[in-house]
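Hello,

Here is the structure I promised to hand over. Please have a look at it first, and then read on for my notes.

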Amino acid sequence: MELHSKYQVGLVCVMLLLPTLCTSQDFTSSRATYYGSPDCYGTPRGACGYSEYGRTVNDGSVAGVSGLWKNGSGCGACYQVRCKNAQVCDEYGTYVVVTDYGEGDRTDFVMSPRAYARMGRNPDASQELFKYGVVEVEYRRIPCRYGGYNVVFKVQEQSSYPDYIAILVLYVAGQNDITAVEVWREDCKQWRPLRRAYGVVFDAENPPRGDLMLRFQVSGRRGVYWVQAKNAIPSDWKAGQAYDSQVQLD
């Protein structure tokens with residue numbers, strides 16, 4: 001079943017990041033900086049492979065990471081990041097989605113300007129932060145929340161029907177990482193792995209004909225386990241389209 005237009009990636013990204021401030025999870029000390037952007041949003045060329053989704057998700061409050069990259073499985077993770085200078089820094093900080101790989105001056109986060117500015121107490125304080133360039137921060141992982149959205153498979157634009165398919169897994173809620181994706185081979189009666197091409201892009205040459213049933217491996221608070229999509233990618237799949245798995249994670 002093809003996804004309704006409201007799910008077309010990059011058009012409307014409805015995301016609620018709930019800070020879970022009452023949890024006892026400790027913060028980790030680090031440093032953060034920012035990258036240039038003509039409109040202060042993220043970049044559509046990020047190493048995760050998110051394209052326009054990576055530019056606009058979470059209202060453009062996104063970041064590249066290095067130590068938290070996890071060979072690409074860290075893509076899509078959500079973090080609360082707050083800077084430590086009490087004179088200019090907001091008490092709760094900013095909430096970012098990992099959409100890219102980025103290295104700075106001993107930093108864990110290279111933020112979009114939009115995300116970096118939100119660490120400031122007010123507009124003047126945010127401008128002061130930009131003058132620093134690199135700031136001391138502390139961070140913790142928080143659950144991602146996507147109001148009403150199931151996990152979505154997006155067929156990347158570079159896919160070529162029917163000989164090559166590349167898939168992104170989007171709207172992964174909670175504190176979960178997608179570590180593998182497999183496709184069911186009806187002829188062999190087996191699940192076969194897709195290759196992690198880069199970031200969170202999984203691909204296959206000569207994919208099975210017919211509807212594509214996928215399952216994905218989740219690593220999170222409940223351990224490592226497999227989740228099978230309730231809805232297949234249709235046999236006449238198209239590059240650039242997004243398809244609803246009819247599965248939600250928490």
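Below is what I found, starting with the whole chain and ending with single residues.

First, the ground rules. This is a predicted model, in which local features need pLDDT of at least 70 and side-chain atom pairs count only at pLDDT 80 or more, while totals for chains, interfaces and linings use all residues. Residues are numbered from 1 along each chain as its sequence is written, and side-chain values use heavy atoms, with hydrogens and water left out.

**The whole chain**

You will find 3 helices and 15 strands in the chain. Helices (H or I, at least four residues) and strands (E, at least two) are DSSP runs, numbered from the N terminus. The C-alpha trace spans about 65 × 40 × 30 Å along its principal axes. The radius of gyration is 19 Å, which agrees with the value near 18 Å that a compact globule of 250 residues would have. That radius is taken over C-alpha atoms, and the globule rule is 2.2 Å times the number of residues to the power 0.38.

How much of the chain is buried? Of its 250 residues, 54% count as buried. Here buried means under 20% relative accessible area, exposed means over 50%, and partly exposed is in between (1.4 Å probe, protein chains only). The accessible surface comes to about 11,400 Å², and carbon and sulfur atoms hold 47% of that. Those areas come from the Shrake-Rupley method with a 1.4 Å probe; for residues, only the protein chains shown count as cover.

On charge, the chain has 27 positive and 27 negative charges, and their mean positions are 3 Å apart. Lys and Arg count as positive and Asp and Glu as negative, with His and the chain ends not counted. Each charge is placed at NZ of Lys, CZ of Arg, CG of Asp or CD of Glu.

The annotation "domain: Expansin-like EG45" is placed at residues 45–149. Over that span the chain is 19% helix and 28% strand, and the end C-alpha atoms are 24 Å apart. The annotation "domain: Expansin-like CBD" covers residues 163–245. This span is 0% helix and 54% strand, with its end C-alpha atoms 22 Å apart. UniProt positions are given in the numbering used here, feature names are shortened, and annotations may be inferred rather than shown by experiment.

**Residues within strands**

M111 sits in strand β5 (residues 109–111) and is buried, at a relative accessible area of 0%. Leaving out residues up to four places away in sequence, M111 touches a list of residues that includes A32, Y34, V62, V81, V96 and M119. From M111 to Y132, 21 residues apart in sequence, the C-alpha distance is 14 Å.

V155, in strand β7, is also buried, at 0% relative accessibility. Beyond four places in sequence, its contacts include I165, A166, W237 and Y243. W184, 29 residues apart from V155 along the chain, has its C-alpha atom 17 Å from that of V155.

Past its neighbours within four places in sequence, Y101 is in contact with A47, G64, V65, S66 and W69.

**Residues in loops**

Between β7 (152–155) and β8 (164–170) there is a loop that holds P162. A cis peptide bond joins Y161 to P162, with omega about 0 degrees.

Two residues other than glycine have a positive phi. S51, with phi near 55 degrees, lies in the loop between β1 (28–34) and α1 (52–56) and is partly exposed at 24% relative accessibility. R106, with phi of about 55 degrees, lies in the loop between β4 (94–101) and β5 and is exposed at 62%.

P38 also belongs to the loop between β1 and α1, and at 90% relative accessibility P38 counts as exposed. P38 and P113 are 75 residues apart in sequence, while their C-alpha atoms are 9.5 Å apart in space.

Terms used. Contact means heavy atoms within 4.5 Å.
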